[in-house]
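Visitor: I would like to understand how the labels used for a structure follow from its values. Could you take me through some of them?

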Amino acid sequence: MATRSMIKWSNKITTSQVEQLIRAERDVQRAMLIFDSATAEYGNGFRHDEKTFSLIISKLVSANQFWTAEELLQRMKEEQCNLTEDIFLSICRGYGRVHRPLDSVRVFQRMKRFQCKPSPKSYVTILDILVEENQLKLALRFYKHMREIGVSPTVASLNVLIKALCKNSGTMDSALQIFYEMPNRGYDPDSYTYGTLINALCKWGKIGDAKKLFEEMETKDCSPSVITYTSMIHGLCQSEHLDEAFGLFEQMVGKGIEPNVFTFSSLMDGFCKSGCSSQAMELLDMMVRKRLRPNMITYSTLIHGLCKEGKVYEALETLDRMKLQGLKPDAGLYGKIIAGFCDKCKFQEAANSLDEMILEGISPNRLTWSIHVRIHNAVVQGLAVHGEINRACQLYLSTRARGISIDALTFSALVRYLFWKGDIDKAARVFEEMVHDGCALDEETWKAVVEGFVHLEKGKEAANLLPELIREQ
């Protein structure tokens, strides 16, 4: 009876009191305790109604506690409480949100057992969940079933069907056919219809067809949304129509339609790929002025574009700006900057960025292993070749300690430049490790070893060391 004493109810508890308390409680477990505490008052004449049941089920679904939510459906039936389709659909949408579309279908099928007849809204909701989760064959079978049992098409259901057909390039023509037949059957395409088709046409590289539909929207009193504008801008940038893309951007701003992060990122990508990173940086400043927070895609686009144009220091500043915003760079972004410094023969700066990456805790994994191997070896080689042999050796040792592979070119560079510097002991140690790791010794490396010993008049050491190394090789 602990739940009963949790709340001291008034002499006459009301559903509005219970509803208010549950709605105010953010913690789902405490909300459930309030609900159960009210249930304990059944002996005093209180009864939960549709509103309190619906509210607690919504709270449970938001917390992904679907089983408890479904159990309450049975309680509602036992207590002869009105079960509406909205209650069922809230659970269906919850399952869709966590990518469990088959459970959405299962709950939908339970509606009839609870004497709740699904309306066309319920059918469209389930169809949309199946399409969103790429259950396209099941979605098309479900739509066919809808028609067979007499559920009349609506603009909403046809929009979902078109979205399903737009998922694959092979069924794109079927989507367009339905679109063109809609007016003849008494269904006027809306902004969502046009937006879905325009997005898909851009995705499949049919930018000319997308432009025609976009222009047609204006004549049909269908206003493009920010999503439709963004789809067009992205498609135009991908097809290298940058001037048109920027013109469309200016048009939407002129109409009072606020660009979102994806709009800016798409246009920035177009500028960066066209070698116009300065304009992309101007767009970043505009984003900030509009109080939009750049995301990982935004920063990645800018860093890649800046490095491509050799603006490595600006890329590094952008990386710092990104970190100040609380976003964590990955190995790919650091790799771009380090490679950029290497291309400019700024190997000390490359080594500093590599140290920073390590301090950030960015370690190799299955996906980034090749990036780590490439950038570590490039920096060690560059430092060695450009006379920073001590720093090269330090980085070489830390690279081996972290289990990152050393390639033959890096070994060769270290051996050659250590011998030329006269550090026989280090050169010999690296040479032994090279042989031990199974790296093939090229002619240049052998030549450097022999010349190193001869030049330093260490013939005896050469005579003792080389035969052993040759046997191992």
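**Charged pairs and their labels**

Guide: Lys273 and Asp269 lie 4 residues apart in helix H16, so about one helical turn separates them; helices (H or I, at least four residues) are DSSP runs, numbered from the N terminus. This is a predicted model, in which local features need pLDDT of at least 70 and side-chain atom pairs count only at pLDDT 80 or more, while totals for chains, interfaces and linings use all residues. Residues are numbered from 1 along each chain as its sequence is written, and side-chain values use heavy atoms, with hydrogens and water left out.

Visitor: Why is the contact between Lys273 and Asp269 called a salt bridge?

Guide: A salt bridge is a side-chain nitrogen of Lys or Arg within 4 Å of a carboxyl oxygen of Asp or Glu. The N to O distance between Lys273 and Asp269 is 3.2 Å, so the pair counts as a salt bridge.

Visitor: What makes Asp269 buried or exposed?

Guide: Buried means under 20% relative accessible area, exposed over 50%, and partly exposed in between (1.4 Å probe, protein chains only). Asp269 has 17% and is therefore buried, whereas Lys273, with 51%, is exposed.

Visitor: How do you know that Glu244 and Lys211 form a salt bridge?

Guide: Their closest N and O atoms are 3.0 Å apart, which falls within the 4 Å limit, so the name applies. This pair links distant parts of the chain, with Glu244 in helix H15 and Lys211 in helix H13, 33 residues apart.

Key
Helix = DSSP H or I, 4+ residues; strand = E, 2+ residues; numbered from the N terminus.
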